[in-house]
Amino acid sequence: TVESLIDRLRAEADADADPETTPDVGIIMGSDSDLDVMCGAHEALDELGFEEQTDFTDAPDARFTYETYVVSAHRTPDLMYAYGQTAMDRGLDVIIAGAGGKSADLPNMTASIAYPLPVVGVPVQEKSVDSVIGMPTGAPIVAVDAGKSFNAALSAVQMLAREHDVLEDRLLEYHESLTGGVARDSRDLHD
Ligand code: RP5
């Protein structure tokens, strides 16, 4: 139930767990119907050597992990508050939040509740863009274009990489892997 999830989040926040054992990235979305779009974030994080952590108390195999929750700003506002309020104490370093529809409020509300933890917002559809990015001065959110959850995860890892050289190396390696299909200079184009 929503209440038991809220209790769990609060207990995890109070547990003062070793940051090595807690998820680094939190992925939340407004509905399970957002999963098709938001799984791009999973793909990017998996590509960069992260693992999904389902049980907070289990020491993960991978050094870097993420968790996934469905949290609705409108259907489960108490859960959204609890998630945002406990995020930092639960050991998260960054949240990726996706929502669709015209009232895509989960990313922007979570950014305000979890502040100063950074939130990368993903508008699940084109019509959600304004709702995700339209924040007042002093209430920041980082956001990607509609549907670009893969890029949201790369941005999240860029933030973590300021503290972890190994992630910087993985990001550079990933970037290198993209250059394979790109001509290096005009001679390549004429060969
Ligand atoms: C938004 O409403 C969700 O993020 C989702 O994109 C949209 C529709 O949700 P469902 O009716 O499919 O659950 O808040």
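Visitor: How many residues of β4 are buried?
Guide: This is a predicted model, in which local features need pLDDT of at least 70, side-chain atom pairs count only at pLDDT 80 or more, and totals for chains, interfaces and linings use all residues. Residues are numbered from 1 along each chain as its sequence is written. A residue is buried if 20 or more other C-beta atoms, placed from the backbone, lie within 10 Å of its own, exposed if 12 or fewer, and partly exposed in between. Strands are DSSP runs of E of at least two residues and helices runs of H or I of at least four, numbered from the N terminus; β4 is largely enclosed by the rest of the structure, because the buried residues number six of the six.

Visitor: Which residue of β4 stands opposite valine 25?
Guide: Strands pair if DSSP finds at least two bridges between them. β1 and β4 run parallel and are joined by five bridges. Across from valine 25 stands valine 94.

Visitor: Which residue of β5 is the bridge partner of isoleucine 96?
Guide: β4 also pairs with β5, in the parallel sense and over five bridges. Within β5, isoleucine 96 has as its partner valine 120.

Visitor: Which residues touch the most other members of the largest nonpolar core?
Guide: A nonpolar core is a set of buried Ala, Val, Leu, Ile, Met, Phe, Trp, Tyr and Cys residues joined through C-beta atoms within 7 Å. The largest one has 45 residues, and those touching the most other members are Val25, Ile95, Ile96, Leu106 and Ala153.

Visitor: Is aspartate 34 buried or exposed?
Guide: Aspartate 34 lies in the loop between β1 (25-29) and α2 (35-47). Beyond its neighbours within four places in sequence, aspartate 34 is in contact (C-beta atoms, placed from the backbone, within 7 Å) with Met29, Gly98, Ala99, Gly100 and Val124. Because aspartate 34 has 24 C-beta neighbours inside 10 Å, this residue counts as buried.

Visitor: Is arginine 75 buried or exposed?
Guide: An unreviewed UniProt entry places the feature "binding site" at Ser31, Asp34 and Arg75; such annotations may be inferred rather than shown by experiment, with feature names shortened and positions given in the numbering used here. Arginine 75 is in the loop between β3 (65-70) and α3 (77-86). Because 12 other C-beta atoms lie within 10 Å, arginine 75 is exposed.

Notes:
Contact = placed C-beta atoms within 7 Å.
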